[in-house]
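Keep the model open and follow along.

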Amino acid sequence: MLADEPIVVGLDIGTTKVCAVVGEQREDRKIDIISVGYAPTDDGVRKGTIVDIDKTTQAITVAIEEAEKMADLDIESVFVGIAGAHITSLNSQGVVAIKGAGQEINADDVDRAVDNAKTNITIPHHQEIIHILPREFVVDEQKEILNPTGMVGSRLEAHVHIVTGAVTAMQNIVKCCEMAKLKVEEIVLQPYASSMAVLTEDEKKLGVVLVD
């Protein structure tokens with residue numbers, strides 16, 4: 001989710017306001033917030049979905065300009081959060097045979113298993129995949145594996161959680177950003193991004209839930 005550049009900009013297009021947050025990545029990949037900007041959407045967004053392109057674009061422009069002024073830099077690209085009633089999710093699983101030398105699992109095998117899980121479900125034509133989140137891997141009969149790369153086995157199974165959103169909702173987000181002269185680096189599910197920001201790995205393992 002993070003860019004290679006030291007400066008990362010997050011954009012939250014909400015029902016009541018647009019927020020822009022500028023962060024500077026440290027060497028440990030953590031982020032220090034260096035500026036923020038916000039602007040009311042003026043009914044450009046309803047229930048998390050853009051309903052007025054011009055009003056939303058104007059709000060994005062104002063929020064970005066405010067963040068630029070505070071950080072004293074030019075913003076050219078953003079990571080945009082997405083939410084709303086059009087978001088859906090479901091679980092799937094995929095299985096592949098390991099045929100490499102010594103039957104050692106490599107990154108390509110993991111990708112094949114995840115892709116297989118994606119093709120095992122039918123996504124409606126009006127929905128598009130936002131995230132494919134691995135839940136666990138199974139090597140032969142060994143379960144609850146988080147990273148199977150380097151392990152030896154003959155059968156790799158991937159259990160994933162797939163998040164989808166309306167194609168038109170994502171296209172409208174990209175259009176508004178492009179009209180505001182911004183490149184969209186990635187569209188991210190907002191509750192997922194929030195969980196990454198505030199929950200530790202230990203908390204996730206213990207079953208802590210973030211409610212957005």
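In which strand is T164 found? T164 lies in strand β10, which covers residues 155-166. Helices (H or I, at least four residues) and strands (E, at least two) are DSSP runs here, numbered from the N terminus. Before going further, a word on the ground rules: this is a predicted model, so local features need pLDDT of at least 70 and side-chain atom pairs count only at pLDDT 80 or more, while totals for chains, interfaces and linings use all residues. Residues are numbered from 1 along each chain as its sequence is written, and side-chain values use heavy atoms, with hydrogens and water left out.

Back to the threonine. Is T164 buried or exposed? T164 counts as buried because its relative accessibility is 2%; buried means under 20% relative accessible area, exposed over 50%, and partly exposed in between (1.4 Å probe, protein chains only).

Now for the charges. Side chains of opposite charge can pair when their charged atoms come close. A search of the whole structure turns up five salt bridges, each a side-chain nitrogen of Lys or Arg within 4 Å of a carboxyl oxygen of Asp or Glu.

One of them joins R155 and E157 at 3.1 Å, N to O. R155 is partly exposed because its relative accessible area is 36%, whereas E157, at 10%, is buried.

Next, look at D28 and R26, whose side chains meet in a salt bridge at 3.0 Å, N to O. D28 is partly exposed at 44% relative accessibility, and R26 is partly exposed at 37%. The pair belongs to a network of salt bridges that links R26, D28 and D32.

Finally, E201 and K204 form a salt bridge at 3.5 Å, N to O. They are separated by about one helical turn because they sit three residues apart in helix α5 (residues 201-206). E201 is exposed at 52%, while K204 is partly exposed at 34%.
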